[in-house]
Every structure is written in structure tokens, then in C-alpha cells.
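Me: I would like to learn how to read the features of a protein model, one at a time. Could you take me through the one shown here?

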Amino acid sequence: MKNIFYEGQVLWSMIDANGHVRHSAYSDLCTQARSNLMIEIGLSMKECLRLGFGPVLFREETLFKREVRMDEHIYIEVELTNYDTVKSRFSIQHKLFKKDGTLSAVVNVDGAFMNLKERKLTVLPTEVQELVLRIPKAEDYVQL
């Protein structure tokens with residue numbers, strides 16, 4: 001196990017009428033994993049607000065592999081798959097596993113950083129980009 005940024009129990013509120021995790025709960029879980037990752041590299045939400053920027057997503061894709069049911073324990077690995085230092089655009093992959101190591105879902109997101117005052121995409125200062133580059137990298141990571 002590596003690059004784990006969320007571990008926890010599947011809650012009743014995450015379940016759909018079929019008795020497994022509802023599709024939108026995967027997004028919520030991965031959002032929490034990314035938030036935990038950002039704290040780990042020194043870019044908590046509070047710090048981003050102080051610096052005047054925040055991440056914004058353009059695309060989110062979920063590939064469902066195996067059912068996850070209520071009360072199961074899961075963990076989420078997060079890795080950077082590409083990062084463009086010129087445009088501050090990124091792609092991140094999340095892998096959601098059951099406690100026994102069964103891959104249950106893969107969630108891919110593409111995004112960039114936005115200036116919160118101007119409400120426009122922005123290029124991060126070099127010192128902040130160095131923090132972003134601390135995100136664990138996928139084996140097939142590409143720096144653009």
C-alpha cells in the first residue's frame with residue numbers, strides 16, 4: 001500500500017437503493033482524499049485561501065470495477081498522472097480499494113488552479129509549484 005490519503009468505513013448515507021455505494025459518493029470520497037493530500041503537501045484549503053488560489057476541476061471520470069457495500073472498509077490511493085507547470089494544469093488518479101486489496105473503482109480528474117479574486121485560471125508561483133510537485137507520482141507520470 002502506498003500514497004493512501006483516505007481510509008474509512010462505508011457509511012449508510014453512501015448507499016443507494018441497490019445496496020452498494022452510490023455513484024456520487026465515490027466523488028465525495030475522492031474529494032476528501034485530495035483534500036487530505038493537499039494538507040500533506042502544505043496546501044490546505046486555509047493556505048490556498050490565504051494565497052488567493054484554489055483548484056478547479058474540468059473533468060471527472062469514474063470507472064467502476066467491483067461493488068462496495070455498507071460497512072466495508074476502504075482506502076484510496078492518490079497519484080499525480082500529469083502536471084503542466086506553465087499552465088498549472090493537472091491530472092490526478094484515485095484508486096479505491098476494499099480492505100482486502102480488491103480494486104473497486106478508479107477516478108480520474110483533470111483540473112487547474114484558479115485565482116480566487118479574478119476568478120480566472122492562474123499560473124502558480126514557483127514556490128507553490130514546488131509543493132504541488134510533492135504529490136506522489138504515478139508510474140506513467142508526465143510533466144508537461
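Me: Is Lys 65 buried, partly exposed or exposed?

Reply: Please keep in mind that this is a predicted model. Burial is read from the relative accessible area, where buried means under 20% and exposed means over 50%. Lys 65 has a relative accessible area of 41%, so this residue counts as partly exposed. Lys 65 belongs to the loop between E2 and E3, and its contacts, leaving aside residues up to four places away in sequence, are Leu 103, Ser 104, Ala 105 and Val 106. The C-alpha atoms of Lys 65 and Thr 102 are 9.0 Å apart, although 37 residues separate the two along the chain.

Me: How many aromatic pairs does the structure hold, and why is the pair of Tyr 26 and Phe 64 called edge-to-face?

Reply: The general idea is to look at the distance between ring centres and at the angle between ring planes, where planes over 60 degrees apart count as edge-to-face. The structure holds four aromatic pairs. In one of them, the rings of Tyr 26 and Phe 64 have centres 5.1 Å apart and planes at 75 degrees, so this pair is edge-to-face. Because Tyr 26 lies in helix H1 (residues 23-41) and Phe 64 in strand E2 (residues 53-64), the pair ties together parts that are 38 residues apart in sequence. Tyr 26 is buried at 4% relative accessibility, whereas Phe 64 is partly exposed at 49%.

Me: Which strands hold Phe 53 and Phe 113?

Reply: Phe 53 is in strand E2 and Phe 113 in strand E5 (residues 103-115), so their pair links parts of the chain that are 60 residues apart. Their ring centres are 5.7 Å apart and their planes stand at 80 degrees, so this pair is edge-to-face. Phe 53 is buried at 4% relative accessibility, and Phe 113 is buried at 2%. Ring pairs also join Phe 53, Phe 90 and Phe 113 into a cluster.

Me: Where are Ser 88 and Arg 119 found?

Reply: Ser 88 is in the loop between E3 and E4, and Arg 119 is in the loop between E5 and strand E6 (120-121). Neither is a glycine, yet Ser 88 has a positive phi of about 55 degrees and Arg 119 a positive phi of about 60 degrees. Ser 88 is buried, with a relative accessible area of 0%, whereas Arg 119 counts as exposed at 53%.

Terms used. Residues are numbered from 1 along each chain as its sequence is written. This is a predicted model: local features need pLDDT of at least 70, side-chain atom pairs count only at pLDDT 80 or more; totals for chains, interfaces and linings use all residues. Side-chain values use heavy atoms; hydrogens and water are left out. Rings of Phe, Tyr and Trp (its six-membered ring) pair if their centres lie within 6.5 Å; planes under 30 degrees apart count as stacked, over 60 as edge-to-face and the rest as tilted. Helices (H or I, at least four residues) and strands (E, at least two) are DSSP runs, numbered from the N terminus. Buried means under 20% relative accessible area, exposed over 50%, partly exposed in between (1.4 Å probe, protein chains only). Contact means heavy atoms within 4.5 Å.
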